[in-house]
Amino acid sequence: MKLLHIDSSPLAANSASRELTRRAAAQWQAAHPNVEVEYLDLVADAPSHLAHDSLGFRLGIAAEGLTDAQQGENALSEKLVSQFLAADVVVLGAPMYNFSVPSQLKAWIDRIAQAGRTFRYTEKGPQGLAGGKTVVIVSTRGGAYGDASVMDHQESYLKAVLGFFGVTDIRIVRAEGLAMGDAGKAQGMEAAQRAIQALTPEAANEGQAALRA
Ligand SMILES: Cc1cc2nc3c(=O)[nH]c(=O)nc-3n(C[C@H](O)[C@H](O)[C@H](O)COP(=O)(O)O)c2cc1C
């Protein structure tokens with residue numbers, strides 16, 4: 001089993017989502033000791049925004065028809081999409097930024113949204129090609145929006161695009177209200193911790209032990 005642990009918060013030690021993805025990944029590992037973990041830091045290794053040279057894969061041009069720059073961009077897109085496809089579980093750190101996600105995370109999605117790899121169109125409409133995996137969205141928010149707010153273009157966007165890729169097992173670990181005073185923050189982090197424990201209830205205790213070690 002492969003677990004892909006992704007962070008996208010630009011904050012380092014002060015990041016709530018980084019703390020929570022670490023806990024979620026540790027707990028998953030405690031429940032599945034043979035899991036192979038790969039880590040992707042979308043801030044340290046931010047994929048560049050799509051541009052002319054990075055759209056070669058969409059044009060279906062054979063490698064020999066591409067410039068060196070285009071081949072380099074394609075190699076990065078290929079690395080990211082194959083890493084995503086190979087994962088059985090993805091723990092995805094996703095802070096809310098301006099009601100959406102950090103642009104580094106959007107840039108990653110732009111790299112892995114590839115026709116023929118994560119989705120395809122058929123005569124009946126779109127079909128996801130990346131099913132069979134679990135994605136744990138670790139959502140952090142300064143405010144509080146609950147499950148269904150018109151302001152939410154973060155969780156709702158991620159659920160939509162992952163669903164488009166064929167992912168049906170999407171779990172939310174949410175810490176919200178983090179900017180709403182000490183009590184609000186503590187409440188938000190406790191709710192997220194409960195959601196982490198519910199991911200693999202049988203291993204919650206071992207996961208805590210692993211964190212303390
Ligand atoms: C640039 C920026 C934009 C933000 N936009 C929002 C927002 O639209 N709504 C919200 O509830 N919180 C917003 N926040 C607060 C973050 O969601 C909150 O600080 C959260 O903890 C970020 O996750 P992190 O601690 O892992 O970085 C924003 C924070 C930053 C730095």
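I count two strands as paired if DSSP finds at least two bridges between them. The model is predicted. With that rule I looked up β3 (residues 89–95) and β6 (residues 134–140): they run parallel and are joined by seven bridges. P95 stands opposite T140 in β6.

Next I looked up the whole sheet. It is open, holds five strands in the order β2-β1-β3-β6-β7, and its pairing is parallel. β2 (36–41) and β7 (169–175) each have a single partner strand, so one side of each lacks a neighbour in the sheet. On average, neighbouring strands are turned by 15 degrees against each other, direction ignored.

Then I turned to the helices. Helix α1 (residues 16–31) packs on the sheet and touches β1 (2–7), β2, β3, β6 and β7. The direction of α1 makes about 170 degrees with that of β1. Helix α4 (residues 103–112) lies across β1, β2 and β3, at about 140 degrees to β3.

How many aromatic pairs are there? I found seven. In one of them, F99 and Y145 have ring centres 6.5 Å apart and planes at 85 degrees; over 60 counts as edge-to-face, so this pair is edge-to-face. F99 lies in the loop between β3 and α4, and Y145 in the loop between β6 and α5 (155–164), so the pair ties together parts 46 residues apart in sequence.

I also noted F164 and F165, with centres 6.4 Å apart and planes at 55 degrees, so that pair is tilted. F165 is buried at 1% relative accessible area, whereas F164 is partly exposed at 28%. Ring pairs link F84, W108, F119, Y121, F164 and F165 into a cluster. Last, I noted that the charged end of K133 sits over the ring of F84, 4.9 Å from its centre.

Notes:
Residues are numbered from 1 along each chain as its sequence is written. This is a predicted model: local features need pLDDT of at least 70, side-chain atom pairs count only at pLDDT 80 or more; totals for chains, interfaces and linings use all residues. Side-chain values use heavy atoms; hydrogens and water are left out. Helices (H or I, at least four residues) and strands (E, at least two) are DSSP runs, numbered from the N terminus. Axes are lines fitted to C-alpha atoms, for helices over the stretch in contact, and angles run from 0 to 180 degrees between N-to-C directions. Contact means heavy atoms within 4.5 Å. Rings of Phe, Tyr and Trp (its six-membered ring) pair if their centres lie within 6.5 Å; planes under 30 degrees apart count as stacked, over 60 as edge-to-face and the rest as tilted. Buried means under 20% relative accessible area, exposed over 50%, partly exposed in between (1.4 Å probe, protein chains only). A charge sits over a ring if NZ of Lys or CZ of Arg is within 6 Å of the ring centre and within 35 degrees of the ring normal.
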